[in-house]
Amino acid sequence: MTGLPSVGLISHGTSSPTGQVLIEVLAAEIATDLRIRGIADEVMLGHVDVQQPDVDEVINRLPADRPVILVPLLLSPGYHVHVDLAEAVNRAIESGRDVRRTPTLGPDARLAEILADRLPALSDNDEVILAAAGSSDERANESCREMGRLLAAELERPVEVGFLAGGGVPLKEVVEKSRSRGTRPVLANYLLAPGFFDDLARKLVDGGSDSSGVLSPPLLTNGNSGAAVPPRLVDIVRDRVRACTQPRGHAGTQPHASAPDMLNA
């Protein structure tokens, strides 16, 4: 490598002003962490949808004389990772750039710790449900199911998984079955920030004739339920970047992570 790598933090993008601010705060904290530790030089935020700059622009704006590491600020590897990001990386490589991408943030045992911290005190009558966005890509849905297993291990109690979109079991169906059993559905919010899917999940517990249930805050929150940016989230990104700076075939050890150490596009 020539000098420290540059890092592109790639979020999904959102039209939610609150979500936009929280993602920017996350990116700023990651950038500070990476620079202070001497892991990366320039750090830039980009998006695969809704917002600008897009992935191509991020790569073009980062220095061409050093490697670029793209970190998907996404919880599971679906279309945006396997198509949008992969194609952008391939275009850059074909033009002679050294561009790599890391795994997504999840699944990771540290995310389970954050999710558990966001939950209210649980009783025997509560049924924990992981509320995930869902995808048409089954690889992303299976990643969310693995996250459900990690959360179950963290809580030492069963966790079901429901999806707000895509091909998995609909979250609404899981919540209704929980209520029919006389239990209170407690939704562990497996979303990065407030936005469209967070609003959909909240309607399941706040509206309708039966509003029993609770939805925890997303991983990034501007409320009083924990730090806006959990330090463990920054830890995950730092580990992803470090693994991607290792020589090929020596990605290093990530004892907390369930995802592969490095994905080469």
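How many aromatic pairs does the count come to? In this predicted model, the count comes to one aromatic pair. Its members are phenylalanine 196 and phenylalanine 197, and because their ring planes stand at 70 degrees, with the centres 5.3 Å apart, the pair is edge-to-face. Planes over 60 degrees apart count as edge-to-face.

| Residue | Relative accessibility | Class |
|---|---|---|
| Phenylalanine 196 | 57% | exposed |
| Phenylalanine 197 | 28% | partly exposed |

Now let's turn to strand 2, residues 43-47. Five of its five residues are buried, so strand 2 is largely enclosed by the rest of the structure. You can check this face by face: Val43, Leu45 and His47 are buried on one side, and Met44 and Gly46 are buried on the other.

Strand 2 also has a partner. Strand 1, residues 6-11, pairs with strand 2 in the parallel sense, over five bridges. Within this pairing, isoleucine 10 has glycine 46 of strand 2 as its bridge partner. To get from strand 1 to strand 2, the chain passes through helix 1 (residues 17-36), making a right-handed β-α-β crossover.

Finally, look at two helices. Helix 4 (residues 109-118) and helix 8 (residues 231-245) have axes that come within 9 Å and cross at roughly 170 degrees. Angles over 145 degrees count as roughly antiparallel, and helix 4 and helix 8 are therefore roughly antiparallel to each other. On the helix 4 side, the contact is made by Arg110, Leu111, Glu113, Ile114 and Asp117. Helix 8 contributes Arg232, Leu233, Asp235, Ile236, Asp239 and Arg240.

Methods. Residues numbered from 1 in each chain as written. Predicted model: local features only at pLDDT ≥ 70, side-chain atom pairs only at ≥ 80, totals over all residues. Heavy atoms only, no water. Phe/Tyr/Trp six-rings, centres within 6.5 Å; stacked < 30°, edge-to-face > 60°. Buried < 20%, exposed > 50% of the residue type's maximum accessible area, 1.4 Å probe, protein only. Helix = DSSP H or I, 4+ residues; strand = E, 2+ residues; numbered from the N terminus. Pairing = 2+ DSSP bridges. Right-handed = clockwise from strand over helix to strand, strands pointing away. Axes fitted to C-alpha atoms, helices over the stretch in contact; angles between N-to-C directions. Parallel < 35°, antiparallel > 145°, perpendicular 65-115°, else oblique. Contact = heavy atoms within 4.5 Å.
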